[in-house]
Amino acid sequence: MIPYRKKTLDNGLEVVVNRDRQSKMAAVNLLYRVGARNESPERTGFAHLFEHLMFRGTHRHPDFDRPVQMASGDNNAFTNNDYTDFYITLPRDRVATALELESDRMTDLAITPGKLAAEKRVVVEEFRQRYLNQPYGDQTMLLRALAYRKHPYRWATIGLTPDHIEAATLPEVEAFYRRHYRPSNAVLSISADLDEERMLAMAEEWFAPVPDRPAAAEPIPAEPPQTEARRQEVERDVPATTVTVAFRMGRRTDPSFQAADLVSDLLAGGDSGRLHRRLVKQRRLFASVNAYVTGDLDPGLFVATGQLLPTTTVDEAEEALWGELLSLADGQASDYELEKVKNKFEANTLFGELNVMNKAMNLGFYCMAGDLELVNRETALYRAVDHDAIARFCRETFRPEQSSTLIYRAAR
Amino acid sequence: MKTTDSNPSPTTTLDVTAAERRRLPNGVALYLLHADEFEVLRVSFVFRAGSVHQQVPFSASATANLLAEGTRDLTAAEVAERLDYYGSWYDVSIDRDYVYISFAMLSRFAAETLAVAEQVLLRPLFPEEEVAAYCAERRQRLAIERRKVDVEAREAFARALFGPEHPYGIAADEAAYERLTRDDVAAFYERHYTAPNCFVVCSGRIDPAAEEAVAAIAAQLPGGPCTEEISRPDVAEPQVAAGAFAGADTATAAEGSPFAGADTRPFPAPATQHEARVAHPGAVQSSIRIGRLLFPRRHPDFAGMQVVAAALGGYFGSRLMQNLRERNGYTYGVVAAMVNFERAGYLAVAAQVGTEVTGAALAEIYAEIERLRTELLPDEELALVKRIMEGEMMRILDGPFGIADVTIENLLCGTDNGAIDRNLALIRATTPEDVRRLARKYLAREDLVTVVAGDSLS
């Protein structure tokens with residue numbers, strides 16, 4: 001349970017605050033509703049590049065990190081397909097420092113050609129380090145490109161190619177900033193052992209003067225329905241073959257989401273998950289397995305994946321994965337199993353609430369998703385999922401014509 | 001327009017609660033960190049059973065990782081089922097010196113979780129087929145890991161610092177998993193998972209029944225032969241630090257080692273090699289390690305060298321980050337840190353850089369190290385570094401699990417939680433002259449060890 005208060009400022013900024021009674025630290029989270037799904041196909045990776053530029057200083061604070069660090073604070077950010085999130089943790093009596101810095105860089109970012117050029121090089125190195133110079137580094141990129149044809153989820157946050165990052169220009173950067181980095185496109189959330197009224201007043205003090213620059217939302221191309229099974233095989237210099245099957249599913253906010261997430265837990269939640277127990281331990285087909293939901297704002301994916309042992313063929317692996325998925329569609333989960341994955345969700349929620357950072361981030365996420373109350377209702381929704389809901393989700397989702405299969409073959 | 005105070009005053013002390021110690025009849029020490037305001041509990045069993053203690057390659061990590069894979073009363077599947085059913089987390093981590101077995105649970109499920117813990121810690125069977133499956137899976141995983149330039153560089157750096165046969169430098173071929181047997185694992189367990197080699201840290205809401213359940217587990221650990229004092233002939237006594245220790249709070253649990261028994265292994269001298277290259281054809285980035293062997297945390301210069309490392313590469317705006325990432329765009333990230341082992345310690349700089357700029361990046365790293373030796377750190381920069389180190393400590397200590405981690409580390413260094421504020425005082429007392437003196441003393445170019453893994457380097 002995360003108690004909170006919410007207020008929307010006149011300029012459209014949504015503010016959510018939580019009083020934490022344990023921590024000496026405060027967390028300040030600022031989420032912008034812009035991610036890779038808002039990019040043009042010619043400039044993929046731009047939202048993430050821009051996230052980096054937000055640390056390149058303003059006229060007032062040429063070095064963003066230094067005042068945070070002088071307050072014994074720490075800050076970072078991440079970009080995903082749906083949103084960009086900036087967060088700062090620092091001693092609770094320093095919250096104003098974080099608010100000042102965030103309000104400052106919402107309006108006054110000072111990007112020069114030199115800063116843009118240096119940051120482009122850093123991001124290209126990130127592209128190489130995380131996606132090109134790692135075994136299996138391009139696997140998720142290939143999967144996205146296979147599962148989506150029209151929707152921008154077909155590319156990863158880092159982008160389709162380093163060329164798009166290299167090609168970014170200063171006018172494009174400025175236009176992106178004006179369009180997306182504005183109060184009415186952001187959510188500010190704070191968790192600290194401070195009076196809620198006081199936190200709201202501080203937010204008002206630092207953010208009310210920021211003018212809004214309203215902009216109409218640009219439509220995001222919808223993904224057409226999938227009607228036939230898709231398949232791709234690649235060969236790479238890796239030691240083990242992997243098989244991945246992705247299925248089209250709904251949005252994070254759809255009523256079936258909790259059932260979908262519990263299905264992924266039944267399959268792969270901990271060492272007692274069905275895939276691990278049966279396919280890794282009993283049948284010795286895979287070295288490791290996983291299943292997860294992407295949980296995106298637009299319709300997302302349910303992914304099941306496994307890394308084969310050398311003695312397993314691709315056909316055997318696929319058949320085994322499908323067998324486990326379909327057995328859940330047949331209603332074979334026991335009462336005990338369902339209770340287990342619900343308990344696990346509840347415990348993880350409690351573990352997550354130990355930390356001001358997690359709480360501020362969760363409040364920001366749920367507010368952005370359009371259902372802030374869900375942050376405290378979610379456990380009850382998971383509890384309410386019954387066997388029918390599990391089987392129904394599996395029957396509707398695990399169908400060949402909604403699947404995309406990627407075979408990532410180890411070169412001999 | 002107004003601004004916030006840009007020069008806040010430093011927090012005075014962190015005042016971390018001292019652990020309450022309880023000694024069990026078999027000598028095992030139980031350390032309790034009560035935090036009743038949380039609904040969770042973590043129990044960590046620390047064993048002197050890291051890889052330096054193994055005769056057979058991979059036997060130490062296999063033992064730790066296979067504890068839960070089948071016990072006298074529970075199959076591997078049942079162990080996993082029970083832990084998952086109560087939402088409890090089981091975590092095993094291993095380093096060169098120690099193994100850390102932790103159970104995190106909702107306090108209301110302590111009894112159920114600790115019943116499983118008892119099986120895992122005291123009644124493991126290491127079934128033949130589980131050992132075989134584990135070896136196959138790990139062999140494959142290690143083969144994948146070793147395709148990464150970063151892993152290649154890390155392993156080569158340890159070899160270069162200590163020597164390829166040294167317990168801190170050795171890395172066995174993955175084929176050694178073929179030869180690892182169930183008997184090797186069982187023998188390692190019998191020898192090292194004993195009362196003299198163990199202590200326990202509980203943190204969070206510790207109900208009396210939970211405390212007794214933990215005590216009942218630890219009290220069953222069998223005795224072992226060793227009882228002598230731990231000898232640490234290779235490390236100087238902390239003369240300078242002794243002054244700072246004078247005002248220490250004495251009402252705490254520390255008096256040397258948290259282990260009941262001594263570790264009497266002979267410890268070979270390191271044989272350092274200053275340059276090493278690992279060829280990785282086709283890599284678009286090179287992984288770099290630069291550093292040198294120094295000393296463990298007990299050494300009087302350790303805190304000062306932490307400041308040196310932090311200024312060099314310990315934070316986002318550090319000298320190396322500004323140079324390599326912000327100014328030159330050679331890398332996504334570069335770090336420098338002091339690394340602490342039980343019987344050694346070293347400084348390491350690590351970065352992954354574009355293949356074509358490898359030489360330039362190396363030159364810049366050497367130049368930044370040299371600059372610390374010649375120029376005084378500006379007061380403002382040193383003040384910043386100190387604030388960052390302080391903030392880092394505060395963040396780690398935020399919450400019962402972080403406090404447990406820091407407590408374990410302090411105990412392993414033969415001290416107590418008073419060391420946090422004492423160490424902070426040492427860091428705050430460091431002057432620009434200290435930084436330059438330490439850099440001059442320890443970071444001469446000819447003493448540095450350089451390792452690069454990557455494509456054909458010019």
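Modeller: Let's start with helix 9 (residues 302–313) of chain B, which lies across strand 9 and strand 10 of chain B and runs at about 180° to strand 9 of chain B. Helices (H or I, at least four residues) and strands (E, at least two) are DSSP runs numbered from the N terminus. Angles go from 0 to 180 degrees between N-to-C directions, with axes fitted to C-alpha atoms, for helices over the stretch in contact.

Keep in mind that this is a predicted model: local features need pLDDT of at least 70, side-chain atom pairs count only at pLDDT 80 or more, and totals for chains, interfaces and linings use all residues. Residues are numbered from 1 along each chain as its sequence is written, while chains are lettered from A and ligands numbered from 1 in the order in which they are written.

Now for the sheet itself. Five strands of chain B make an open, mixed sheet in the order 7-11-8-10-9; two strands pair if DSSP finds at least two bridges between them. Strand 7 (275–279) and strand 9 of chain B are at the edges with a single partner strand each, so one side of each has no neighbour in the sheet. From one strand to the next, the twist averages 15°. Further in, strand 8 and strand 11 (residues 449–454) of chain B pair in the antiparallel sense over five bridges, and B:Ser287 has B:Ala453 of strand 11 as its bridge partner.

Here chain A joins in: its helix 4 packs on this sheet, touching strand 8, strand 9 and strand 10 of chain B, and its direction makes about 70° with that of strand 9 of chain B. Helix 4 of chain A has 20 residues (113–132), so at 1.5 Å a residue it should span 28 Å, and the 27 Å between its end C-alpha atoms agrees. That expected span is 1.5 Å times one less than the number of residues.

Its buried residues (20 or more other C-beta atoms within 10 Å of their own, placed from the backbone) include A:Val122, A:Val123, A:Val124 and A:Phe127, along with A:Glu125 and A:Arg128. Their cover includes helix 1 (46–53) and helix 6 (162–166) of chain A, plus strand 8 (285–293), helix 10 (319–327), strand 9 (331–340) and strand 10 (345–354) of chain B.

Zooming out, 53 residues of chain B are in contact with 54 residues of chain A; contact means C-beta atoms, placed from the backbone, within 7 Å. Among the elements giving two or more residues to chain B's side are helix 10, strand 9 and strand 10 of chain B.

Terms used. A residue is buried if 20 or more other C-beta atoms lie within 10 Å of its own, exposed if 12 or fewer, and partly exposed in between; C-beta atoms are placed from the backbone. Two residues are in contact if their C-beta atoms, placed from the backbone, lie within 7 Å.
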